[in-house]
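User: I'm new to reading protein structures and would like a close look at one part. Could you take me through how a pair of helices meets, and then show me how that part sits in the rest of the chain?

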Amino acid sequence: MVKFSKELEAQLIPEWKDAFVNYSQLKKHVKKIKLSRIPKHVPDISTIPDFGLSVFDPFRSLFRNISDRLRRTGNKQEMIIQVKSKVRYGEDDEEKNQDDGDDDDEEIYETELVQLFSEQDEVRIFFACLDEELNKVNRFYKTKEDEFLERGEILQKQLQILIDLKQVLNNWRKKTNLSPAGSRTGLTGFLSHSSSFSPTRNSDVSEVHSGYTSETMDQEASSQADEVIATLEKNGVNFINAASRSRTRTKNGKPKVSMKIDIPANTPTRTISALTSMLWEDLVNNQKKDNPGEYINRKKIQCAEKMIRGAFVELYKGINLLKTYSSLNMMAFTKILKKFDKVANQQASASYLRVVKRSHFISSDKVVRLMDEVESLFTKHFANNDRKKAMKFLRPQQHKESHMVTFFVGLFTGSFVTLFSVYAILAHFCGMFSAKAESGYMETIYPVFSMFALLSLHLFMYGCNLLTWKNTRINYNFIFEFQPSTALKYRDAFLLCTCLMTSVVSAMVIHLVLLSNGFTAEQVDGIPGILLLIFVTLLICPFNIIYRPTRYCFLRVLRNIICSPFYKVILVDFFMADQLTSQIPLFRHMESTACYFIAGSFKTHRYETCKSGRKFREIAYFISFAPYYWRAMQCGRRWLEEKDISQLANLGKYVSAMVAAGARLTYASQPDHLWMAIVIITSALATVYQLYWDFVKDWGFFNPKSKNPWLRDELILKNKSIYYFSIALNLVLRVAWVETVMRFNLGVVESRLLEFLLASLEVIRRGHWNFYRLENEHLTNAGKFRAVKNVPLPFRETDSDD
């Protein structure tokens, strides 16, 4: 049977861990009470006179136990403890709070011992801690309840605005179908559209202006416009010059009003639209001619609907988490009081549990009513009154882990080990690494297979990260904003890794077997290209097979990175961009492989075509700079949005890495003392910069005031020595660039193997870095009790008087 402490640890919300009942601490107090009841001096048995045993002794003992139990439970009026409550006002001025109401007041519970206990001090400390935990739970529940209720009220207003706007569109669409003039003017006779941009927020803003185009419909359209404006104003929409519509009119007497719709600029189209809308606003607003503008953009209305739907889903998720919080804490109070009764041989749990059940986090039904209301609204407006469809959005079901995945992981692992052993034996007998054959084989086959090996190693490290994040209760799905139902599990990552390496080693074995059977190199060197083509096809395959949600998510993130800074930067984007900075050798191998097969060198076996020349050097610089450039552009975008100066400092880190990478490439082609000095200086400065950012910013270490020396105050791993070892390991792996300066005089095989080893160490360092980076992010969320995503809302007020 699983202990409740472990069950609580497994079920609690990681970001709200500090707000839960400290069950382990209360257990320690109960244990102290138990120890205090043990007599300190045990009498010597030899000194006790032996009067012999009687056949009536068992009956006497049973009678004594029954009488003691009846004495304790018979008198129901007997009070062991008395729990008192008092109100603590939210402000110092109590009279002001009393006048304003008791919404901000807090009920505090204090327990007094009515019956004298033999272990008086320990029992008093236990109930003092229990009162403190109860007050903490009530306080946190009330805070989150108010937050969700306020969010729910705002969402209802936003939804009502959306319904009114959609109704306007539908009504006017019917009108224009019946009116000849309407077919020409569209929605301009009722509500017209123009764009504006707020420089303080990256958003795509629409302004809706009312006007007239047909003199015969002036009176009717004016009354309808006033009715729509009044309806929207009731729901919190502030229109420009709404208070003076009768005085502020256009040339033809049309009331000029405006409402803003904020659409986040998270795509290139919206970003460019947001930038150009500043100019467009001036052109439209300053026109003296009778030009009422364009029609309401349906796409923006659809995007607003999607934003509101996502906000409802996140609100429902938060409500569910709050219900779980309430039930788990109630169970914790019940369990710990039963332990106390058993140890103290008293019946105190009943009276205290009555108080707990009357407390706010149990007795309040506001969250339940809000949940029912959210379900009703979502079913009606976003699921066409189909409750089953609505619940798929609100309560997505997670796929159960299959044992077949574990079976195939073991199968492919064994196959990989066996095939790799076969490959090593065949390569030895075929003389692939001899002085005669090493040049052609290592220049043509090595880049393809090493590319797959580095990719599979990164997948393996990611699987290890997923496993450690799961075991340490780091909510990586929430941090990365993944869907739990389709997110990759650690077993899936291991399956992809082992399947990939089994396929690659199988191709290597087939390649060697064909070579040993008399086939020429020109005939069999197309095998790596065929393997690469198969994997690229599987990556972009549109059919719902082989982890399609994960594949498409990966492609979408790559698109966001390559198109930086036009896409809005979220954590998964810059996290993946950091991974790419560690895979520059893989990109170099991809460039060599693409050149080798596209240029047809695998037929002529002239591999030097893709290893020399001006274009090769230019592409090498581009590949070395691209990941750092993308990451720097992401930092620039975040600085523009967040106005955080640390993003500029982070941008400087990647610029310094670009300079160091360029110096090392130049030194590789011009190995003189000047460039050696430049490489040492630039690489040393970039390494120090990167180490500082790793330890201080990304990992949150080197805090001199921390209770854990030079670490953080909060650590997930219990063994602190692991953190110090990780610091030393990251330092060693960061200085692997020293090999490029030392320039060992090695053969082709040895140099290629050394290059692959250094690239593998960088991938391992990045996988090692990933755990602490996400641990720090998780602790930041836990410090702010942030367990649900805050979705931006589309409709907001405008303060313009134009």
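Analyst: Helix α16 passes helix α23 in a left-handed crossing. Please keep in mind that this is a predicted model. Two packed helices are described by the angle between their axes and the distance between the axes. For α16 (residues 446-471) and α23 (residues 584-598), the axes come within 9 Å, and the crossing angle is roughly 145°.

You can find the meeting place residue by residue. On the α16 side, the contact is made by Tyr446, Pro447, Val448, Ser450, Met451, Leu454 and Leu455. Facing them from α23 are Pro585, Leu586, His589, Met590, Ser592, Thr593 and Phe597. Sorted by class, this contact holds 10 nonpolar residues and four polar ones, with no charged residues.

Helices α25 (residues 614-642) and α26 (residues 645-669) have axes that come within 8 Å and cross at roughly 170°. Because angles over 145 degrees count as roughly antiparallel, α25 is roughly antiparallel to α26. Their contact divides into 16 nonpolar, six polar and three charged residues.

Now look at helix α22, residues 571-581, which is mostly covered, with 10 of its 11 residues buried. Among the buried ones are Leu571, Val572, Phe574, Phe575 and Leu580. Asp573 and Asp578 are buried in α22 too.

Leaving aside residues up to four places away in sequence, Lys17 touches Glu9 and Leu12. Lys17 and Gly783 are 766 residues apart in sequence, yet their C-alpha atoms are 9.5 Å apart in space.

Finally, step back to the whole chain. The secondary structure comes to 30 helices and six strands, and 44% of the 802 residues count as buried. Of the contacts between residues at least 6 apart in sequence, 75% join residues at least 24 apart. The chain exposes about 44,300 Å², with carbon and sulfur atoms supplying 59% of that area.

Note on methods:
Residues numbered from 1 in each chain as written. Predicted model: local features only at pLDDT ≥ 70, side-chain atom pairs only at ≥ 80, totals over all residues. Heavy atoms only, no water. Helix = DSSP H or I, 4+ residues; strand = E, 2+ residues; numbered from the N terminus. Buried < 20%, exposed > 50% of the residue type's maximum accessible area, 1.4 Å probe, protein only. Contact = heavy atoms within 4.5 Å. Areas by Shrake-Rupley, 256 points an atom, 1.4 Å probe, with all protein chains shown as cover. Axes fitted to C-alpha atoms, helices over the stretch in contact; angles between N-to-C directions. Left-handed = near helix turned anticlockwise from the far one by under 90°. Nonpolar A, V, L, I, M, F, W, Y, C, P; charged D, E, K, R; others polar. Parallel < 35°, antiparallel > 145°, perpendicular 65-115°, else oblique.
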